[in-house]
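Thanks for coming, everyone. Let me put the structure up, and then we'll walk through confidence, the sheet and the salt bridges.

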Amino acid sequence: MKKIVTNFDFLSPLEKDVLKILWPNKAMKVREIYNILKHKRSVALSSIAVILDRLHDKKIVSRNVETGKGGIRYIYYPKHDKKGFERSVIEKTINKMIEKFGSTAVSYFNERFSEKRR
């Protein structure tokens, strides 16, 4: 039986830490995130860059390119705030359950939420 995703279990601990920094700050360079995280955990700048690239591949963050001295840099920003991200995770999870279990899942949700209203 598949485990239900809770507390963003599909994210690595480092991905979670990066998002915790990125959400309130909105847009940051890799080095800015690294400078905050290096005081909390032993981590390399390249690891932060890899994690941000993975989060970009997962469509959790977006990035813009900045050209400056030394070449190009990415500026990363979250696609959603924390609440919006949580909502999208819930929505995707429920949609997968409905796709897999159909009307049984819908009936369960109706029963479960009608109990909570009482």
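pLDDT is the predictor's confidence in each residue, on a scale from 0 to 100. We need that because this is a predicted model. Over residues 1–6, pLDDT stays under 50. Where pLDDT is low, predicted coordinates should not be read in detail. The chain as a whole averages 87, and 90% of the residues score at least 70.

Now the sheet. It is open, with 3 strands in the order S1-S3-S2 and antiparallel pairing. Strands S1 (28–29) and S2 (61–68) are at the edges, each with a single partner strand, so one side of each has no neighbour in the sheet. S2 and S3 (residues 71–78) are joined by 8 bridges. Asn-64 sits opposite Ile-75 in S3. Helix H3, residues 45–57, lies across S2 and S3, at about 130° to S2.

On to charges. How many salt bridges does a search of the whole structure find? The count is 6.

Take Arg-63 and Asp-53: their side chains meet at 2.8 Å, N to O. That pair ties strand S2 to helix H3, 10 residues apart. Arg-63 is partly exposed, because its relative accessibility is 23%.

Next, Asp-17 and Arg-41, with closest N and O atoms 3.0 Å apart. Asp-17 is in helix H1 and Arg-41 in the loop between H2 and H3, 24 residues apart.

Glu-86 and Lys-82 form a salt bridge too, at 3.3 Å, N to O. Both lie in helix H4, about one turn apart.

Last, a network: salt bridges link Lys-29, Glu-66 and Arg-73.

How values were computed. Residues are numbered from 1 along each chain as its sequence is written. This is a predicted model: local features need pLDDT of at least 70, side-chain atom pairs count only at pLDDT 80 or more; totals for chains, interfaces and linings use all residues. Side-chain values use heavy atoms; hydrogens and water are left out. Contact means heavy atoms within 4.5 Å. Two strands pair if DSSP finds at least two bridges between them. Helices (H or I, at least four residues) and strands (E, at least two) are DSSP runs, numbered from the N terminus. Axes are lines fitted to C-alpha atoms, for helices over the stretch in contact, and angles run from 0 to 180 degrees between N-to-C directions. A salt bridge is a side-chain nitrogen of Lys or Arg within 4 Å of a carboxyl oxygen of Asp or Glu. Buried means under 20% relative accessible area, exposed over 50%, partly exposed in between (1.4 Å probe, protein chains only).
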